[in-house]
Amino acid sequence: LRYKCEPFVQGQDRATDDMAFSDNYIFVGLETENGAILRINKSDISQINEINTDIQNKSFGTFYNGEDIWAVFNSVPGKIVRINPSNNSLYTYTFPQDNNYPNEIATDGQYLFVSFYTAPAKIAKLRFDNSIFSLFSIIK
């Protein structure tokens, strides 16, 4: 067993427990109020850069669906960001009112499913096509 552990730069000590892996990078959301996502080189786990989402809330979930990195933010209303892993371009979607505090992301290969952990707890079913989100249902 070989072990290597690299610290985050000073002040970034609250990484989320979710990581997303693309071909060359690991993406880690920060549970700080600056809404940043770290992009880390997978080969040597050195930090490449910090992606600024301009969202002033904590990132509680990151996910890779085979094409894009997705991150949800603990906000009112909730926000989800799509990040292109090759060039870090961003698209931000704000959920409708009363869909607060998104927490986790999963996919079945066709849709994204986002859980909201409070106010009340629910699940959203989403599809992303050509920069447009379709919110199919919210299950309470």
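So, W70 stands opposite R82 in β7. The strands involved are β6, residues 69-73, and β7, residues 79-83, which pair in the antiparallel sense over 5 bridges. For the terms: strands are DSSP runs of E, at least two residues, numbered from the N terminus, and two of them pair if DSSP finds at least two bridges between them.

Before I go on, a word on what we have on screen. This is a predicted model, where local features need pLDDT of at least 70 and side-chain atom pairs count only at pLDDT 80 or more, while totals for chains, interfaces and linings use all residues. Residues are numbered from 1 along each chain as its sequence is written, and side-chain values use heavy atoms, with hydrogens and water left out.

Back to the sheet. It is open, has 4 strands in the order β5-β6-β7-β8, and its pairing is antiparallel. At the edges stand β5 (59-64) and β8, each with a single partner strand, so one side of each has no neighbour in the sheet. On average, neighbouring strands here are turned by 20° against each other, direction ignored; the axes behind that angle are lines fitted to C-alpha atoms.

Now follow the chain out of β8 (90-94). The loop between it and β9 (102-107) holds N99. Is N99 buried or exposed? Its relative accessibility is 7%, so N99 counts as buried; the cut-offs are under 20% relative accessible area for buried, over 50% for exposed and partly exposed in between, with a 1.4 Å probe and protein chains only. The side chain of N99 has a polar atom 3.0 Å from the backbone oxygen of P96, and this side chain also reaches the backbone oxygen of Q97 at 3.3 Å.

Next, the rings. How many aromatic pairs does a search of the whole structure find? There are 5, counting Phe, Tyr and Trp rings (the six-membered one for Trp) with centres within 6.5 Å, where planes under 30 degrees apart are stacked, over 60 edge-to-face and the rest tilted. Y93 and F95 have ring centres 5.5 Å apart and planes at 85°, so this pair is edge-to-face. Both residues are buried, Y93 at 15% relative accessible area and F95 at 2%. F60, Y101 and Y117 form one aromatic cluster.

Last, charges over rings, meaning NZ of Lys or CZ of Arg within 6 Å of the ring centre and within 35 degrees of the ring normal. The charged end of R39 sits over Y25, 4.2 Å from the ring centre. For K125, the ring is that of Y111, with 4.3 Å to its centre.

Key
Polar contact = N/O pair within 3.5 Å; in protein donor to acceptor, adjacent residues only side chain to side chain. Axes fitted to C-alpha atoms, helices over the stretch in contact; angles between N-to-C directions.
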